Amino acid sequence: MAQVGLELAPLHVPPAYEHVANRLRRAIWLGELIPGERLPSERALAEGLEVSRLTIREALRTLQGEGLITIRRGASGGATIALSEPSAEQRHRLLVEARDHMRDVHEVRQAIEPMAARLAAERITDGQLAALRAHQDEIFTTTGVSSFRRTDSAFHMTIAQASGNPLLAKAVEDARSALFVMFDTSNFEVLKASSGKAHQKILDAIAVGNGDEAATLMSVHLAEAWAEIEAVIDSTPGYD
């Protein structure tokens, strides 16, 4: 019998603690967990994720090693999202180093988020529209990068979910989770002002069911956001 031309390679199955660490890491990157917030107890995490407490401890040690959380032992201890505040020099260096990666993310977002906005204009429910308006109101009351990241992610993810396409929503979530460096190295006040105005226009188009306008406005918003990031990179002393 002729063999099928299939190339076989060793299959790497990550241990359970890596899956847990990835789940928590993504929540931090998406802004669902912000600096200063405490994680649930080891017992609660183990029960909720249906893994052992040993697996939870290993995952938390991994995140601690990455500087994403701090851990205190004792009766009043626990895991807390790290309160890290990089210097201006560190912010710029991180952004310069991540430029190629951020460009890749921007290109993916340009390919998928305008489509999500177009479909959302056609399919959004009353509940989702109310949530979108609430997130838009919250944008202007955010007081720091972490709270802005949470609200901005919630706005974009609500649009993605309102598209009614779970594959598209997952793709948007994947792209959003790659924006951690961008938010933590950018000018918060500039992002807050520009995003607030752009979000309102997108929201208005979705609310009246204008899919073409919503898609165009989303594309413009993403392009302007990327231009702001490039401006920060280009202003970095010593950047070629």
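## Terms and basis

A residue is called buried when its relative accessible area is under 20%, exposed when the area is over 50%, and partly exposed in between, as judged with a 1.4 Å probe on protein chains only. By that scale glutamate 50, with a relative accessible area of 72%, is exposed.

This is a predicted model, in which local features need pLDDT of at least 70 and side-chain atom pairs count only at pLDDT 80 or more, whereas totals for chains, interfaces and linings use all residues. Residues are numbered from 1 along each chain as its sequence is written, and side-chain values use heavy atoms, with hydrogens and water left out.

## The chain as a whole

The protein chain has 11 helices and two strands, where helices (H or I, at least four residues) and strands (E, at least two) are DSSP runs numbered from the N terminus. Along the sequence these elements follow the pattern α-α-α-β-β-α-α-α-α-α-α-α-α.

Of the 240 residues in the protein chain, 42% are buried. Contact here means heavy atoms within 4.5 Å; among contacts between residues at least 6 apart in sequence, 74% join residues at least 24 apart.

## A loop and a hairpin

Glutamate 50 is placed in the loop between helix H2 (42-49) and helix H3 (53-65), and although it is not a glycine, its phi is positive, at about 60°.

Strand E1 (residues 69-72) and strand E2 (residues 78-81) pair in the antiparallel sense over four bridges, pairing being assigned if DSSP finds at least two bridges between two strands. Threonine 70 has threonine 80 in E2 as its bridge partner. The two strands form a hairpin with five residues between them, and in the turn glycine 74 has a positive phi of about 110°.

## Helix H7 and its partners

Axes are lines fitted to C-alpha atoms, for helices over the stretch in contact, and angles run from 0 to 180 degrees between N-to-C directions. On this basis helix H6 (residues 126-139) and H7 pack at an angle of about 160° with their axes 9 Å apart, and they are therefore roughly antiparallel to each other, a term for angles over 145 degrees. Residues of H6, including Leu132 and Ile139, meet residues of H7, including Phe148 and Phe155. By class, this contact has eight nonpolar, six polar and two charged residues, where Ala, Val, Leu, Ile, Met, Phe, Trp, Tyr, Cys and Pro count as nonpolar, Asp, Glu, Lys and Arg as charged, and the others, Gly among them, as polar.

Helix H5 (residues 99-123) also meets helix H7 (residues 145-162), with axes that come within 7 Å and cross at roughly 65°. The contact is made by residues that include Arg109, Glu113 and Leu119 of H5 and His156 and Ile159 of H7; the residues of this contact divide into seven nonpolar, one polar and three charged.

Serine 195 has its place in helix H10 (residues 188-207) and is buried, with a relative accessible area of 5%. Leaving aside neighbours within four places in sequence, serine 195 is in contact with Phe148, Asp152 and His221.

Alanine 223 lies in helix H11 (residues 211-234) and is partly exposed, with a relative accessible area of 34%. Apart from neighbours within four places in sequence, alanine 223 is in contact with His106 and Gln110. The C-alpha atoms of alanine 223 and arginine 109 are separated by 9.8 Å, although these residues are 114 residues apart along the chain.

How values were computed
Parallel < 35°, antiparallel > 145°, perpendicular 65-115°, else oblique.
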